[in-house]
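Here is a briefing on a model with its sequence. Please look it over first, then read the points below.

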Amino acid sequence: MVFNSLEFFIFLPVVFILYWFVFKNHLKAQNVLLLIASYVFYGMWDWRFLSLILLSTCVDYGVGLKIDATTVAKQRKRWLWVSVIFNIGLLGCFKYYNFFVDSWIDMFSVFGYELKSTWMLHVVLPVGISFYTFQTMSYSFDVYYKKLKPTSDFLSFAAFVSFFPQLVAGPIERASNLMSQIFNKRTFNYNQMVSGLKLILWGLFKKIVIADAIGPIVDDIFANYNSHSASTLILGVTLFSFQVYGDFSGYSDIAIGTSKLFGIELMSNFKFPNFSRNVAEYWQRWHISLSTWFRHYIYIPLGGSRGSTLKSIRNICIIFLVSGFWHGANWTFIFWGGFHALAFIPVFLLGRNAVYKDTVIAQNSIFPSFTELGQVLLTFVIVTFSRIFFRSASITEAFGFIHRLCTNFTYETYLHPLGYRMMDYYILIILFVVYEYIIRKDERSPFLFTSKVVRFIMYTIVVLAMLLFYDSNVDRSFIYFQF
Amino acid sequence: MLLYAVLIALCLEVVIRLLHLTKDYPVRYVDEFGVEKWVPNQRGFAVTGIRRQHFSEYHINNSGYNSYREFHPTPDQVEIALVGDSFIEGFHQQYTNSIGKKIEQRLKDVEVYEYGYAGYDFADQLHMINTYKETFDLVDYVVLGLKFENDLTRSSYTVVQDRMKLETPLYKTLRQSKLLVYLQNVGTFDAAKSLLSKITSVNNNNKAISKRSSETELQDQYIINFKRLVHTYGYDKQRFTLLLDAAQTPPIFLKYLEDNGFRYLDFSEPLQASKTPTNLIYDMHWNNHGRTLIAELVADFVAENIEK
């Protein structure tokens, strides 16, 4: 089941009503309901893969208790490794195995040995496997680092692992944040519900109007990059930047909004990354839950930036390459991660990786300064360029795209593959950027206007835009489901 | 919150009306002779696609068909009747720039009558011609649009109740809301419809399997239907010509037509040879260029016959 489907719009009110009106005063019953709802939500995609979630839940539940049961450091570590090996093993089996076999075969073919790919697995990638395995691992890590006491309440723990709003594409919650909410009594809060509905509306807008509407253009340009001029390729990759942002941040907003309806606050996953002033700030604003996960569970244990400069650079490279590999079993993602590492290192060496941590562009003014504008544009260009690797189906295709971009530097008028007016999309993107700039200080309140009239006008415009750009023929699946 | 939702819906209704984002629905009826058509003398606008991609005006004439002219054939004048479905009806085009008008521009002193109505199959067409026999006897050339796989599914004419259901008070009331019409046209309700059909298909699955026929059986049945319709309502092989896409028509039917002296015009060749698109973006109807090619095909055919 996906958020932008009719099934979900029937499913959500039913669960909401049961949750608040039938099981209102029974925390345990509410958690069981969330667990059942989450399994139904996931099972509607493919019920067979529920076994993987259940297995991951059982393993980390047991590991948590085992780690806590002993004070011997070696034994605690051993149990932590059980969790890590099991979860990474799941990922390895379903997501990376074929990639490694394929790369192995390719490597041998370079030396003239032809190997047959008889060892390939013919398995479907279970939706959201990268997200829930990381979330369960975070529980074992938190118990190991003594930030969390393990629970003996299996059902509530299972509800934490499979909590449907963020099960398939995050935000990847740290156990210490989400579990405390799952285990504590929730009370219905009207303002929280309204705030959740607003986020759902805004998320749907980003998905339907931004991501889905420009998807066919991006698909067309990337599929036929060999026949387009540089101007069209720039247009394609720029629009892809907005598409992937609209798609993923839209999903996150709907997830956070849905979660609010059940009285649970998830962490923010996006904070207007398009207004980042350098690559470091970009990573503080883009897919925050994943960056946070890597920082807490890999970067800091590796030593972070506390050691020598060389060691810090090594850690940065590891983090970005792992992050790239997390996205998919393809060299394109590894190159994408590597590119970001290369873009991040100069910022780190200049000591500017944390300077924009607590501020936004034009923090105390209406308009940004020219310097800020230049910084934002430069960061956007760097990030957008990296998306060529992210979007391309293979590394050959990515370099082919770049080659074409550099060698065919001419302008052509691009026509929409379905015949729509392109001007509509240019205006749409400009208005979207302007609006995001206006609301840039609070990512959780997209309609934060004091005037009721202004709010009403904004709601109407957002819904109207959805009607104007909704196309029933467009593929409406979320990009990050493939990860 | 509910108040907000209602107010937003009202605003959207106003915006959709102001920007004319969705189509008008002419009223249909069944006349005293049992012919289903549009209520005469209506005007409105047809809109296709999101953001008003195609916008055109229609004009239902006194005979109940979309045309810029009235149909008054005389023995002294050369007239062509184009009979068919939505392709001939042409709501997706400006009524002043129809196929008929394009033919008239190519042939001097010829009047073209467009008897087009969305959903008309061969039974509808022959029944209508037969019913208005006196009028059609005065028409010199009758061109009937035929799509084999759609238009020969029945062997006799009855009013299609599914279409007439659209004139029930419930549908008429729902159509008063332009917002609902827009939502329906852009496919917002498709998901709900497919969910409903999924549910109902579970019950009807077994029946559907038993009814499924092979392609050859279907083709044979359609040819039988064609023969029956011709037999029941009459068909003047001298004046009548079929307009069809030979590339999409089974060879067995084409052979039958050729062997039995049924003339046909094949539009597949000119359309396929065209370097520019011949169809609209959102649906399969001919665009302006496609209509021009069809008009040329018909006009050349009639010109050739006039010369003879």
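A:K146 sits in the loop between helix 5 and helix 6 (154–162) of chain A; helices (H or I, at least four residues) and strands (E, at least two) are DSSP runs, numbered from the N terminus. This is a predicted model: local features need pLDDT of at least 70, side-chain atom pairs count only at pLDDT 80 or more, and totals for chains, interfaces and linings use all residues. Residues are numbered from 1 along each chain as its sequence is written, while chains are lettered from A and ligands numbered from 1 in the order in which they are written.

- A:K146 is not a glycine, yet its phi is positive, at about 60 degrees.
- A:K146 counts as exposed because it has 10 C-beta neighbours inside 10 Å. A residue is buried if 20 or more other C-beta atoms lie within 10 Å of its own, exposed if 12 or fewer, and partly exposed in between, with C-beta atoms placed from the backbone.
- A:H287 is also a residue other than glycine with a positive phi, near 45 degrees.
- A:H287 lies in the loop between helix 10 (279–285) and helix 11 (288–299) of chain A.
- Is A:H287 buried or exposed? A:H287 is buried, with 22 other C-beta atoms within 10 Å.

**Chain A overall**

- Chain A has 17 helices and 0 strands.
- Its radius of gyration is 23 Å, close to the 23 Å from the globule rule for 483 residues, so chain A is as compact as a globular protein of that length. The radius is taken over C-alpha atoms, and the rule is 2.2 Å times the number of residues to the power 0.38.
- The C-alpha trace of chain A spans about 70 × 65 × 45 Å along its principal axes.
- Of the 483 residues in chain A, 41% are buried.
- Among contacts in chain A between residues at least 6 apart in sequence, 75% join residues at least 24 apart. Two residues are in contact if their C-beta atoms, placed from the backbone, lie within 7 Å.

**A helix pair in chain A**

- Helix 4 (residues 73–110) and helix 5 (residues 129–144) of chain A have axes that come within 10 Å and cross at roughly 175 degrees. Axes are lines fitted to C-alpha atoms, for helices over the stretch in contact, and angles run from 0 to 180 degrees between N-to-C directions.
- That crossing makes helix 4 of chain A roughly antiparallel to helix 5 of chain A. Angles under 35 degrees count as roughly parallel, over 145 as roughly antiparallel, 65 to 115 as roughly perpendicular and the rest as oblique.
- Residues of helix 4 of chain A in this contact include A:L80, A:V84, A:L91 and A:F94; those of helix 5 of chain A include A:I129, A:M137 and A:Y144.
- The contact residues divide into 8 nonpolar, 6 polar and 2 charged. Ala, Val, Leu, Ile, Met, Phe, Trp, Tyr, Cys and Pro count as nonpolar, Asp, Glu, Lys and Arg as charged, and the others, Gly among them, as polar.

**Chain B overall**

- Chain B has 14 helices and 9 strands.
- A compact globule of 308 residues would have a radius of gyration near 19 Å; chain B has 21 Å, which agrees.
- The C-alpha trace of chain B spans about 75 × 50 × 45 Å along its principal axes.
- Buried residues account for 32% of the 308 residues in chain B.

**The sheet in chain B**

- Chain B holds an open sheet of 5 strands in the order 6-5-7-8-9, with parallel pairing. Two strands pair if DSSP finds at least two bridges between them.
- Strand 6 and strand 9 (264–266) of chain B are the edge strands, each pairing on one side only.
- Strand 5 (residues 78–84) and strand 6 of chain B pair in the parallel sense over 7 bridges. B:G84 has B:G116 of strand 6 as its bridge partner.
- Strand 7 (residues 141–145) and strand 8 (residues 240–244) of chain B run parallel, joined by 4 bridges. B:V142 stands opposite B:F240.
- In strand 6 (residues 110–116) of chain B, 7 of 7 residues are buried.
- Helix 4 (residues 122–131) of chain B lies across strand 5, strand 6 and strand 7 of chain B, at about 140 degrees to strand 5.

**Where the chains meet**

- 19 residues of chain B are in contact with 18 residues of chain A.
- Helix 1 (2–18) of chain B gives the most to chain B's side, with 6 residues.
- The residues on chain B's side divide into 14 nonpolar, 3 polar and 2 charged.
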